[in-house]
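Let's take a look around a protein model and see who sits next to whom. Have the sequence and the 3D view open while you read.

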Amino acid sequence: MKYLFENFTSGDYALMYRWVIGFFVISGSLILMILQDRKDAYFRNDRNLLIIVTAFLVFFAGTRGNNIGTDTGNYYNYFYLKGLHIDNFFDYLSALGTDFLFAVVLYIVLPFKNFTLFLFVVSALMNISLFKFVRRFTNNSIDGSSFLLFVTMTSSFVFLNYEINTIRNGLAIPFILYGIYYVIQKNNKYAILYFLIAFFFHRTSIIPIVCVCLIMLCNNVKIKYFIIFYVLAVGLAYTGFGFDKLTFLGQLEGEDIKQLAFQGETNYRVGFRIDFVFYNSLFLFLFVKFSNLKNASDLFLIKYYIVASVVFFFNFNIPFSDRIGGYSWIVIPLLLFNTINISFPKKKLSILAWVTIFYFILNHILLPILSGGDDNTR
């Protein structure tokens, strides 16, 4: 079996990702700024650039070797090889004990006996779903650049992990975003549908679902009280408090806090993480400072960001807590997009382009330098 990137090491693969996404961010931003006064050309190129970067991600993640991403080999050995010898779907589902929709995807691909095909299908599902989401969120580029929103998402330091490592999280993310979008649109029927799809791709999706429900229940609570709650949560996390101290949470079944709290051999740093607190707090400050807090969409997203961040902070004592942190980071691009569109309507394209470039530099140049190469996002 031949892979397009089979001779790449993990380091080479990550470096290539940074170079290509960096190229898309800079060149795409410049192209769109040049074309912004030519409406037809702008809309056409915004869509075409989005198609190109989506196609790259599908092939880049879908044709990788088994050595790229820790979980890729695990998925190959545990799900793929083991599943080849099971004919009945329900036997397969009970034997592997994995998430329902993920099992459906794997079971459909199994008869072809090609693991690369499985990786390709998973990559296509994730990236095409994300493509459709950004087109919906931006109203097909009418309310802002779909391309810039998409590459802002890909510029997150955790995005490559969704592509090659935490695969089921990656599959769930677009549907969580869809669910949040439809809650904002007050279309609860579609919101429930997409949240269910996310949950059946990965059960930890219950975390953002609960966060959304809490915000809806506290709809009339002013934002200042959410900020006070955020500050208190940081203080509690600093003293060592976390959800790991609440023993009843460990009784949940499946891949939940109990399994995420695995204490075996791992280099992941646990305990209070000032770096993550500073990172989340920086963006919270920017959103509160520059967002229109009278705008219902922005207000909901900021409240969600606060609650999801608090859940993240209360999981600092377990390894791989960044997988939970990702549920707060996924709305950063949406808030950046909304804040710029609402606060700077006349210069929204150029400002969003420069913010996207800075976001890429922050996550892929500055953070690796400041962390000294320490990678705690597996």
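Start with Ser291: its relative accessible area is 9%, so it is buried. (Buried means under 20% relative accessible area, exposed means over 50%, and partly exposed is in between, using a 1.4 Å probe and protein chains only.) You'll find Ser291 in the loop between α14 (274-290) and α15. Helices here are DSSP runs (H or I, at least four residues), numbered from the N terminus. Leaving aside neighbours within four places in sequence, Ser291 is in contact (heavy atoms within 4.5 Å) with Leu286, Asp298, Ile302, Thr339 and Ser343. The C-alpha atoms of Ser291 and Ser343 are separated by 6.7 Å, although the two residues are 52 residues apart along the chain.

Before going on, a word about the model: it is predicted, so local features need pLDDT of at least 70 and side-chain atom pairs count only at pLDDT 80 or more, while totals for chains, interfaces and linings use all residues. Residues are numbered from 1 along each chain as its sequence is written, and side-chain values use heavy atoms, with hydrogens and water left out.

Another serine to look up is Ser141, in the loop between α6 and α7 (146-154). Ser141 counts as buried, at 2% relative accessibility. Not counting residues up to four places away in sequence, Ser141 touches Tyr42, Phe43, Asp46, Arg135 and Ser146.

Now for the charged pairs. How many salt bridges does a search of the whole structure find? It finds four, where a salt bridge is a side-chain nitrogen of Lys or Arg within 4 Å of a carboxyl oxygen of Asp or Glu. Here are some of them:

| Salt bridge | Closest N and O atoms |
|---|---|
| Asp71 and Arg323 | 3.7 Å |
| Arg168 and Asp99 | 2.9 Å |
| Arg273 and Asp275 | 2.7 Å |

Salt bridges that share partners join Asp99, Arg168 and Arg203 into one network. Arg168 lies in helix α9 (residues 167-184) and Asp99 in the loop between α4 (89-96) and α5, so their pair ties together parts 69 residues apart in sequence. Both ends are hidden away: Arg168 is buried at 10% relative accessibility, and Asp99 is buried at 2%.

The whole structure holds 44 aromatic pairs. Rings of Phe, Tyr and Trp (its six-membered ring) pair if their centres lie within 6.5 Å; planes under 30 degrees apart count as stacked, over 60 as edge-to-face and the rest as tilted. Phe102 and Phe118 make an edge-to-face pair, 5.9 Å centre to centre with 80 degrees between the planes. Phe102 is in helix α5 (residues 100-109) and Phe118 in helix α6 (residues 115-137), so this pair ties together parts 16 residues apart in sequence. Both Phe102 and Phe118 are buried.

To finish, go to helix α18 (residues 348-371), where Ile369 is found. Is Ile369 buried or exposed? It is exposed, with a relative accessible area of 61%.

How values were computed
Helix = DSSP H or I, 4+ residues; strand = E, 2+ residues; numbered from the N terminus.
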